[in-house]
Amino acid sequence: EFIQNNDKVIVMGHKIPDVDSFGASIGIYRAAKALNKPAHIVINDITTSVRPIINTFKNNPDYEPDMFLKSSEAAAIVNMETALIVVDVNRPSYTEGPELLNRTKTVVILDHHRQSSESIENPVLSYIEPYASSACEMVAEILQYISEGVKLRPIEADAMFAGLMIDTNNFSSKTGARTFEAAAFLKKSGADITRVHLAFRDSMEIYRARAEAVRAAEIENYMAYAVCPAEGLESPTIVGAQVANELLNITGIRASYVFTCIKDTVYISARSVEGSDGINVQLVMERMGGGGHSTVAGAQLTNVSPSQAMDMVKQTIVTMQKEGAI
């Protein structure tokens, strides 16, 4: 209804977009097109993780040249008759274009991250489902209820399947029955799993950086701590997240914290195993000013070194354990 009752649709994910944010945007784009509305996706910086998928849409005759807009370009066309749909994020400062949020009366939020104290004001619809594995899972469900089911094109199904696959670490974490139902819907829509896997193979530089971070990891009290080298990498934070996932594959590790420094900011990727052995990394990251899920979380610290950030996390964990918070 919100799409139908407005003149156009603008879809926006979070800064430093990942495949889940991008795939969910593609799903909403297709829903808008199915309802005969002009649609655009706001994306400022194309990261290495998103590039293999976004390249299938760029210079593609099946899609308009202005399918993707920078936030400054979107600001020029957003008005009170625009449906602004925010996916995979619910903090205004984390969105690709915070300035767009005040330019329309119709803001919709679709997200699978827990709501924090900072939230988007006055959305007409806020669908936040922390138990969903990914924004792509949520959008895949929604598409099946719009105008008798939206028909996805195969490359669109690929983008959404990739988001589902990446956010669940190849369906090994945060998966529920609905995750596999969404995957089945995308497979029926033409997603090619082999094509998705081939698109996401890593360069030698990324593989080496990941291997070096794992090799130098410290292990204390069932927790792994590692610094991910950023030099020569286009998207170091994504490599840091991959390292955090890989460390959980080591026997006995219950949680991992990876520190990646870009300019004067240290990005922390925190991961935990599911179940009773897991540690709620979301609570730890919230103490550091970040957040996320109980098994996947993160935070950003400025003007500290990776080793200082590591010490801060270790001290926070000790304090929280004494308090009985984790």
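**Strands and helices, step by step**

Me: Which residue does Met 12 stand opposite in E4?
Reply: First, the ground rules: this is a predicted model, where local features need pLDDT of at least 70, side-chain atom pairs count only at pLDDT 80 or more, and totals for chains, interfaces and linings use all residues. Residues are numbered from 1 along each chain as its sequence is written, and side-chain values use heavy atoms, with hydrogens and water left out. In E4, the residue opposite Met 12 is Val 86.

Me: How many bridges join E1 to E4?
Reply: Met 12 belongs to E1, along with Ile 10, and Ile 10 stands opposite Leu 84 in E4. The two strands run parallel, and the number of bridges joining E1 to E4 is five.

Me: What order do the six strands of the open sheet have?
Reply: Strands count as paired if DSSP finds at least two bridges between them. E4 is joined to E5 by five bridges, and E5 (residues 106–111) to E6 by four. The pairing in this open sheet is parallel, and the order is E3-E2-E1-E4-E5-E6.

Me: Which are the edge strands?
Reply: An edge strand here pairs on one side only.

Me: Is E4 enclosed or exposed?
Reply: Buried means under 20% relative accessible area, exposed over 50%, and partly exposed in between, using a 1.4 Å probe and protein chains only. Thr 82, Leu 84 and Val 86 on one side are buried, and so are Ala 83, Ile 85 and Val 87 on the other. Since six of the six residues of E4 are buried, the rest of the structure leaves E4 largely enclosed.

Me: At about what angle to E2 does helix H1 run?
Reply: Axes are lines fitted to C-alpha atoms, for helices over the stretch in contact, and angles between N-to-C directions run from 0 to 180 degrees. Contact means heavy atoms within 4.5 Å. H1 (residues 19–34) lies across E1, E2, E3, E4 and E5, and its angle to E2 is about 170°.

Me: At roughly what angle do the axes of H4 and H6 cross?
Reply: H4 covers residues 135–143 and H6 covers residues 177–188. Their axes come within 9 Å and cross at roughly 60°.

Me: Which residues of H6 make the contact with H4?
Reply: On the H4 side, the contact is made by Glu 137, Ala 140, Glu 141 and Leu 143. On the H6 side, the residues are Arg 178, Thr 179, Ala 182, Phe 185 and Leu 186.

Me: What radius of gyration does the protein chain have?
Reply: The chain has eleven helices and twelve strands, and its C-alpha trace spans about 55 × 40 × 40 Å along its principal axes. The radius of gyration is taken over C-alpha atoms, and the globule rule is 2.2 Å times the number of residues to the power 0.38. With 326 residues, a compact globule would come out near 20 Å, which agrees with the chain's radius of gyration of 20 Å.

Me: What percentage of the residues of the protein chain count as buried?
Reply: In E1, five of the five residues are buried. Across the 326 residues of the protein chain, the buried share is 53%.
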